[in-house]
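Hello,

Here is the structure I promised to pass on. Please take a look, then read the notes below.

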Amino acid sequence: MNNDTDIISESDIEKLTGYKIPSKQCESLREAGIFFITRRDGRPRTTWAHFNNPLSHRQKSMDGNEPQPDFGALD
């Protein structure tokens, strides 16, 4: 079982993205909204937490229909 803080292995990134070429792996992760860093050798690295909860989904969870605070009441 993978821990959320575990870094995804090279073989798992290849399986997840469907690409062997590091630049294509980066492109695939970027398109999916998954945070990653690019190592000096050009290979992407990320954790299972970032893969399972991509930034693109975190931003979508903010709903404009939720009640907003009335900061004018503080004056």
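Which residues make the nonpolar surface patch of about 260 Å²? They are Phe35, Ile37 and Leu55. Patch residues have over 30% relative accessible area and no salt bridge; nonpolar side chains (Val, Leu, Ile, Met, Phe, Trp, Tyr) are joined within 5 Å, like charges within 9 Å. A salt bridge is a side-chain nitrogen of Lys or Arg within 4 Å of a carboxyl oxygen of Asp or Glu. Accessible areas come from the Shrake-Rupley method with a 1.4 Å probe, and for residues only the protein chains shown count as cover.

Before you go further: this is a predicted model, where local features need pLDDT of at least 70 and side-chain atom pairs pLDDT 80 or more, while totals for chains, interfaces and linings use all residues. Residues are numbered from 1 along each chain as its sequence is written, and side-chain values use heavy atoms, leaving out hydrogens and water.

**Overall**

The protein has four helices and two strands. These are DSSP runs numbered from the N terminus: helices (H or I) of at least four residues, strands (E) of at least two. Along the sequence the pattern is α-α-β-β-α-α. Of the 75 residues, 21% count as buried. Buried means under 20% relative accessible area, exposed over 50%, and partly exposed in between (1.4 Å probe, protein chains only). The accessible surface comes to about 5,900 Å². Carbon and sulfur atoms account for 52% of that surface.

**Phe35 and Thr46**

Phe35 sits in the loop between helix H2 (22–31) and strand E1 (37–38). Phe35 is partly exposed, at 39% relative accessibility. Its backbone oxygen lies 2.6 Å from a polar side-chain atom of Thr46. Thr46 belongs to the loop between strand E2 (44–45) and H3. Thr46 is buried, with a relative accessible area of 5%. Leaving aside neighbours within four places in sequence, Thr46 is in contact (heavy atoms within 4.5 Å) with Asp6, Ile7, Ile8, Ile34, Phe35 and Phe36.

**The aromatic pair**

The structure holds one aromatic pair. Trp48 and Phe51 form it edge-to-face, 5.7 Å centre to centre with 85° between the planes. Rings of Phe, Tyr and Trp (its six-membered ring) pair if their centres lie within 6.5 Å; planes under 30 degrees apart are stacked, over 60 edge-to-face, the rest tilted. Both residues are in helix H3 (residues 48–52), three residues apart, so about one helical turn separates them. Trp48 is buried at 12% relative accessible area, whereas Phe51 is partly exposed at 25%.

Best wishes

Methods:
Polar contact = N/O pair within 3.5 Å; in protein donor to acceptor, adjacent residues only side chain to side chain.
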